[in-house]
Amino acid sequence: MMIDIINDVKPHYSQYLSDDEKSQIDHEASILETREAAGIEALKVVQSFRGWISDDSLLAIAQYLKMTSAELEGVATFYNLIYRQPVGKNVIHLCDSVSCHLTGYSEILSTIKQHLAIDYGQTTTDGLFTLLSNACLGGCDKSPVMMVGKVHYEYLTKSKVIDILETIKANSKSNDLSKTQGVE
Amino acid sequence: MNSLTHPLTHLVNLASPLTIQGYIDQGGYKGAEKAIKENSPAEVLEIVKASGLKGRGGAGFPTGMKWSFVPQYSEDDERSKDNKYLVCNADEMEPGTFKDRLILEGAPHQLIEAMIIAAYTIGANKAYIFLRGEYHLAAKRLQIAIDEAYQASWLGNNIQKSNFQLDLYLHTSAGRYICGEETALINALEGKRANPRAKPPFPQVAGLFGKPTIVNNVETLCNLPHILKNGTDWFKQISPDSDAGTKIYGACGRIQNPGLWELPMGATIGQVLNVHAGGMAEGLKLKGLLPGGASTDFLMPEHLDVPMDYDSIAKAGSRLGTGGLIVLDDKNCPVAMVLNLLQFFAQESCGWCTPCRDGTPWAVELLSRIERGKGTLADIDSLLNLCDFMWIGKTHCALAPGAVEPLKSALRYFNDDFVQHIELGCCPYHGVQ
């Protein structure tokens, strides 16, 4: 994504971030020695409120932390848990590392792709799911595994993963994820 | 299972970890109390050195020696007023490694107690837990434990009226394997891209925000309360082996009972795989294994008697790494497995140095060509050349050499499989992938 250099040097983003976002960013900055050190946390804070980091969000955070937007963009694009494009309500991070590979990852991947009719990096037309890969999720003894939002799902099978996705879909309207059988 | 035989895991409760009071009732914070009330920092350093504790994050460097590189200035020296930092590396992301997650989620106070001891010893008043972003449950439980520790005066000013002050913060990361490299981790903690730094200067001298910094792995740190409480003789005699203490070993792959077991350091590969993990899954045979995570060399069925300690595994041609076995069975294609590993390293390369940035994707290209049956024998030579280009001394950090370890050893041990792919023009394990 291109940053608008003209707007960047004449920033007018002082009202962009909410008070909640600012106070959480301030808290993170307070435990580090410099304001820009809180950049990654600030991106995570704003993402938690807005779902992803738009160009506007990036420019507002950079201005708030008194750092250049180019530097923050370098940070934002480095870390895979920062989304620089819009994502669905539920982001699926499917583990594609070695233990999952040995225990049936590819079957789970094709099941998800087929069931949701999306490929890696895509979002379903109803905006409910985005599919991304993830390096080893640390659930190697319970593989294959995936993380949806903050919840880890283990011992995946073809039918189990469909059940999980359908349950999430049904609960997404009521925002109730407690009925799915994963562990945070 | 008790505190003397299973120091690291006997208090682990994954369903509901001990609160601070429950932890104290079980003998918790006794090690920290002994450190800060009965010993000077220099004395604790001597205890840790004498214990023989080595880093459990992969490199196996002696912990006491690492700490001793932190400069200690006399009080009239201006530099004595500088901050020092302790950082716990909880960025567990080595494929096939899930041991730290167990003790983070199951016994968060053990880590806090450990960090009090380490910070006291090196003279740090600020400490961070650098936790990978995906470990949400660990984050929640650690923050609860940290808050409890502040309330109970185990963190903050004048800890237990000892005059020692320590502030401990939880930092959750935003992904990327390279953050586990300690200088990359420091850059990430400073809010930067996680490119490793050139060494020297080493972090012990100039680390976080340019100040002396010690970065230790979760499992390494968690040994400290027990060493302080039970003594160095106890720690050394747990293991019949030259290395001291216990180790949380793991096993994954298509085996009967994947999991984690805390055993005396030096348990053999066969004990972990066949006794604790119950051997291979029904109908499968052992083809090979990585003894300590993705970035270690393959070992073979003939290595089952090798003790899983630093020296013995090294002698067998691999590394203990994180102590997590990744088991390859005879119905999974070794070429596809190595391709998966190299895809991981290529994706996680930070891109700083050319051998890694260009070498790892090149290896992926060659391996996928062979796996698809489109490879030539010359591709094997190219892979061997790449192993040389990406080896230690030619790269900025240990990531690319870590990728070389499984690749080079696979080319040696599974040469027949590589050649068969090329001669048949397809993967002989079709149907499995």
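B:Lys211 is partly exposed in this predicted model, with a relative accessible area of 26%. Its salt-bridge partner is B:Asp82, and the closest N and O atoms of the pair are 3.6 Å apart. B:Lys211 lies in the loop between H8 and E4 of chain B, and B:Asp82 in the loop between helix H4 (63–68) and E1 of chain B, so the pair ties together parts that are 129 residues apart in sequence. B:Asp82 is also partly exposed, with a relative accessible area of 34%.

**Salt bridges**

Side chains of opposite charge can pair when their charged atoms come close. Over all chains, the structure holds 30 salt bridges. Four of these pairs are listed below.

| Lys or Arg residue | Asp or Glu residue | N to O separation |
|---|---|---|
| B:Lys211 | B:Asp82 | 3.6 Å |
| B:Lys99 | B:Asp100 | 2.8 Å |
| B:Arg197 | B:Glu190 | 2.9 Å |
| B:Lys126 | A:Glu33 | 2.9 Å |

The pair B:Lys99 and B:Asp100 belongs to a network of salt bridges that also includes B:Glu219 and B:Lys247. B:Lys99 is buried, at a relative accessible area of 3%, and B:Asp100 is buried with a value of 3%.

**The interface between chains A and B**

The size of an interface is often given as the accessible area lost when the parts come together. Chain A and chain B bury about 3,900 Å² between them, and 56% of this area is on carbon and sulfur atoms. The contact draws on 40 residues from chain A and 54 residues from chain B. One salt bridge is found across this interface, and B:Lys126 and A:Glu33 form a salt bridge with their closest N and O atoms 2.9 Å apart. Between the two chains there are 20 residue pairs in polar contact, with both residues at pLDDT 80 or more.

On the side of chain A that touches chain B, at least two residues each come from helix H3 (39–50), helix H5 (69–76), helix H6 (98–102) and strand E2 (129–134) of chain A. H6(A) gives the most to this side, with four residues. By residue class, the side of chain A that touches chain B comprises 16 nonpolar, 15 polar and nine charged residues.

**Buried strands of chain B**

Strand E8 (residues 324–329) of chain B is largely enclosed by the rest of the structure, because six of its six residues are buried. B:Gly324, B:Ile326 and B:Leu328 point one way from E8(B), while B:Leu325, B:Val327 and B:Asp329 point the other way. Strand E5 (residues 246–253) of chain B pairs with E8(B) in the parallel sense over four bridges, and B:Gly253 stands opposite B:Val327. Strand E7 (residues 286–290) of chain B runs antiparallel to E8(B) and is joined to it by four bridges; here B:Leu286 stands opposite B:Asp329.

Strand E4 (residues 213–217) of chain B is mostly covered, with five of its five residues buried. From E4(B), B:Thr213, B:Val215 and B:Asn217 point one way, and B:Ile214 and B:Asn216 point the other way. Strand E1 (residues 85–90) of chain B runs parallel to E4(B), the two being joined by five bridges, and B:Asn89 stands opposite B:Asn217.

**Backbone geometry**

Most residues other than glycine have a negative phi, and most peptide bonds are trans. A cis peptide bond joins A:Ser143 to A:Pro144, with omega about -5°; A:Pro144 lies in the loop between E2 and strand E3 (146–148) of chain A. In chain B, the peptide bond from B:Lys199 to B:Pro200 is cis, with omega near -5°, and B:Pro200 is placed in the loop between helix H8 (182–189) and E4.

Positive phi values occur at B:Ser153, near 60°, and at B:Lys161, near 55°. B:Ser153 is in the loop between helix H7 (136–151) and strand E3 (167–172) of chain B, and B:Lys161 is likewise found in the loop between H7 and E3. B:Ser153 is partly exposed at 26% relative accessible area, whereas B:Lys161 counts as exposed at 75%.

**A buried histidine**

B:His226 is located in helix H10 (residues 224–230) of chain B and is buried, with a relative accessible area of 3%. Apart from neighbours within four places in sequence, B:His226 is in contact with B:Pro7, B:Leu8, B:His10, B:Gln110, B:Gly231 and B:Trp234.

Technical notes. Residues are numbered from 1 along each chain as its sequence is written. Chains are lettered from A and ligands numbered from 1 in the order in which they are written. This is a predicted model: local features need pLDDT of at least 70, side-chain atom pairs count only at pLDDT 80 or more; totals for chains, interfaces and linings use all residues. Side-chain values use heavy atoms; hydrogens and water are left out. Contact means heavy atoms within 4.5 Å. Buried area is the accessible area (1.4 Å probe) that two parts lose on being put together, summed over both. A salt bridge is a side-chain nitrogen of Lys or Arg within 4 Å of a carboxyl oxygen of Asp or Glu. A polar contact is a pair of N or O atoms within 3.5 Å; within protein, one must be able to donate a hydrogen and the other to accept it, and residues adjacent in sequence count only if both atoms are side-chain atoms. Ala, Val, Leu, Ile, Met, Phe, Trp, Tyr, Cys and Pro count as nonpolar, Asp, Glu, Lys and Arg as charged, and the others, Gly among them, as polar. Buried means under 20% relative accessible area, exposed over 50%, partly exposed in between (1.4 Å probe, protein chains only). Two strands pair if DSSP finds at least two bridges between them.
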